[in-house]
Amino acid sequence: MRIRLYRPSDCGAMAALFYDTVHKVNAADYTPAQLDAWAAGQVDLAAWDRSFREHYSLVAEENGVLLGFGDITLKGYLDRLYVHSGHQRQGVATALCDRLEQAVKGAITTHASITARPFFEKRGYAVVRRQQVERRGVLLTNFVMEKRR
């Protein structure tokens with residue numbers, strides 16, 4: 001597995017991975033309506049590309065196949081961290097998160113899904129609060145989490 005910096009040419013594959021991961025991996029913790037609201041399959045690629053270029057953004061790949069991606073702001077907000085449904089529990093998220101966390105100083109915050117919460121807790125993140133966020137008129141539960149260092 002190789003971790004490298006994001007390139008704009010990655011954006012389409014990342015959007016497809018995002019949709020697939022949300023609908024397959026998070027299906028145990030969210031309803032079909034919630035999954036559709038979270039990942040409708042219609043990402044604004046220009047906005048995503050702009051966001052990834054503004055953040056410290058990494059992709060994990062192996063033999064040219066995208067395994068996962070993540071990004072963090074310079075202020076320590078870990079925005080996205082997604083791993084292909086066929087590569088869960090293989091160290092991809094850990095490797096990405098290790099590199100993302102090293103890129104910033106101070107505390108790191110994230111909004112973790114129900115599914116991702118145990119991963120972040122194992123990394124030393126604590127729940128600040130549980131919250132309901134609205135996406136396309138549907139409420140989803142997630143957790144504001146923080147890692148102090």
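Reader: Quick one on Cys11: buried or exposed?
Author: Cys11 is buried, at 3% relative accessible area. Buried means under 20%, exposed over 50%, partly exposed in between (1.4 Å probe, protein chains only). This is a predicted model, with pLDDT of at least 70 needed for local features and 80 or more for side-chain atom pairs, while totals for chains, interfaces and linings use all residues. Numbering runs from 1 along each chain as its sequence is written, and side-chain values use heavy atoms, without hydrogens or water.

Reader: And Cys97, buried or exposed?
Author: Buried as well: Cys97 has a relative accessible area of 0%.

Reader: Switching to packing. Which residues touch the most other members in the largest nonpolar core?
Author: Leu78, Leu81, Leu96, Phe120 and Tyr125 do, out of 20 residues in that core. A nonpolar core joins buried Ala, Val, Leu, Ile, Met, Phe, Trp, Tyr and Cys through side-chain atoms within 4.5 Å.

Reader: Which elements give two or more residues to this core?
Author: Strands β2 (56-62), β3 (65-72), β4, β5 and β7, plus helix α4. Elements are DSSP runs numbered from the N terminus: helices (H or I) of at least four residues, strands (E) of at least two.

Reader: Where does the largest share of the core come from?
Author: From α4, which supplies five residues.

Reader: Now the loops. Where is Thr115 found?
Author: In the loop between β5 and α5. Thr115 is partly exposed, at 24% relative accessibility.

Reader: What does Thr115 contact beyond four places in sequence?
Author: Val25, Asn26, Asp29 and Tyr30. Take Asn26: it sits 89 residues from Thr115 along the chain, yet their C-alpha atoms are separated by 6.0 Å.

Reader: Backbone next. What is the phi of Arg89?
Author: Positive, about 60 degrees, although Arg89 is not a glycine. Arg89 is in the loop between β4 and α4. It is exposed, with a relative accessible area of 84%.

Reader: And what about the phi of Arg136?
Author: Also not a glycine, with a positive phi of about 50 degrees. Arg136 is placed in the loop between β6 and β7. Its relative accessible area is 56%, which counts as exposed.

Reader: Last stop, Glu62. Which strand does Glu62 lie in?
Author: Strand β2. Glu62 is partly exposed, at 39% relative accessibility.

Reader: What is Glu62 in contact with, neighbours within four places aside?
Author: Met1 and Leu67.

Note on methods
Contact means heavy atoms within 4.5 Å.
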